[in-house]
Amino acid sequence: MTAPKHDWAALYQQNRKAMHGVAHSVLRKVGRPDLAQDAVQDAIRSVMEKPPASIGNPEAFLVWVTKTKALDLAKSPAVIRRADLEEANKPTEGLEAEVIRRVDLQRIIPKLRQAVAALPPRERQVIEQVVMRERSGTDVGKEMGLSRVRVSQLKKDGLRMLRERLGKETA
């Protein structure tokens, strides 16, 4: 008994909406629904070039082959590479802002170090410990023999002096 011969072109005409729908659905998930037609063409071409020996439901078979071709296309290096390129071409507003911020810091840090070095000794020590090393005012006060409130006052005075000095230099 020989397998029945199917008219694949006629089956395609009858099932093309389902085939395109499946391909579109699969490729939409990877952001490339525009490639659905390619997946359908690849599916019908492969079936016509090498027809299956025996199948029970040729309509379901065509839809399955289309889905398989769409999945293969979705995983292809060309689609993945294009997604990477699209990601690289997205606006870089956040990145640009971060680069500008870092460049500004590189320009300001040497001036800030000079300004801190020019502070009176107690204000400098408080700024270095509390602000730069992020230690608590209580701990720094114990080491320096000062109250937490006095450390806070020295910090406030030191920051004011730094603002005044850096304001004059950057103006």
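Me: How many helices and how many strands does the protein chain have?
Reply: This is a predicted model, in which local features need pLDDT of at least 70, side-chain atom pairs count only at pLDDT 80 or more, and totals for chains, interfaces and linings use all residues. Residues are numbered from 1 along each chain as its sequence is written, and side-chain values use heavy atoms, with hydrogens and water left out. Helices (H or I, at least four residues) and strands (E, at least two) are DSSP runs, numbered from the N terminus. The protein chain has eight helices and zero strands.

Me: What percentage of the residues of the protein chain count as buried?
Reply: Buried means under 20% relative accessible area, exposed over 50%, and partly exposed in between, with a 1.4 Å probe and protein chains only. The protein chain has 171 residues, and the share of them that counts as buried is 25%.

Me: What share of the contacts with a separation of 6 or more in the protein chain comes from residues 24 or more positions apart?
Reply: A contact means heavy atoms within 4.5 Å. Among contacts in the protein chain with a separation of 6 or more, residues 24 or more positions apart account for 62%.

Me: Are helices α1 and α2 parallel, antiparallel, perpendicular or oblique to each other?
Reply: Axes are lines fitted to C-alpha atoms, for helices over the stretch in contact, and angles run from 0 to 180 degrees between N-to-C directions. Helix α1 (residues 8–28) packs on helix α2 (residues 36–49) at about 140 degrees, with 8 Å between the axes. Angles under 35 degrees count as roughly parallel, over 145 as roughly antiparallel, 65 to 115 as roughly perpendicular and the rest as oblique. The angle therefore makes the relation of α1 to α2 oblique.

Me: Is the crossing of α1 and α2 left-handed or right-handed?
Reply: A crossing is left-handed if the near helix is turned anticlockwise from the far one by less than a right angle, and right-handed if clockwise. Residues making the contact include Trp-8, Tyr-12 and Met-19 of α1 and Val-40, Ile-44 and Val-47 of α2. The crossing of α1 past α2 is right-handed.

Me: How far apart are the axes of α6 and α7?
Reply: The contact is made by Arg-122, Gln-125, Val-126, Gln-129 and Val-130 of α6 and by Gly-137, Val-140 and Met-144 of α7. The crossing is right-handed. α6 and helix α7 (residues 137–144) pack at about 140 degrees, with their axes separated by 10 Å.

Me: Which side chain of opposite charge is nearest to Glu-123?
Reply: Lys and Arg count as positive and Asp and Glu as negative, while His and the chain ends are not counted. A salt bridge is a side-chain nitrogen of Lys or Arg within 4 Å of a carboxyl oxygen of Asp or Glu. Glu-123 has no salt bridge, and the nearest side chain of opposite charge, 5.4 Å away, is Arg-150.

Me: Which residues does Glu-123 touch, not counting residues up to four places away in sequence?
Reply: With neighbours up to four places away in sequence left out, Glu-123 touches Leu-154, Asp-157, Gly-158 and Met-161.

Me: What is the phi of Glu-134?
Reply: Glu-134 lies in the loop between α6 and α7 and is exposed, with a relative accessible area of 70%. Most residues other than glycine have a negative phi. In Glu-134 phi is positive, near 55 degrees.

Me: Which residue forms a salt bridge with Asp-34?
Reply: The structure holds five salt bridges. In one of them the closest N and O atoms are 2.9 Å apart, and the partner of Asp-34 is Arg-32.

Me: Which helix holds both Asp-104 and Arg-107?
Reply: Their side chains meet in a salt bridge of 3.0 Å, N to O, and Asp-104 counts as partly exposed at 29% relative accessibility. Asp-104 and Arg-107 are three residues apart, about one turn of the helix, in α5 (residues 93–117).

Me: How far apart are the closest N and O atoms of Glu-164 and Arg-160?
Reply: Glu-164 and Arg-160 both lie in helix α8 (residues 148–170), four residues apart. An α-helix has 3.6 residues a turn, so residues three or four places apart point the same way. Glu-164 is partly exposed at 43%, as is Arg-160 at 37%. Glu-164 and Arg-160 form a salt bridge in which the closest N and O atoms are apart by 3.3 Å.
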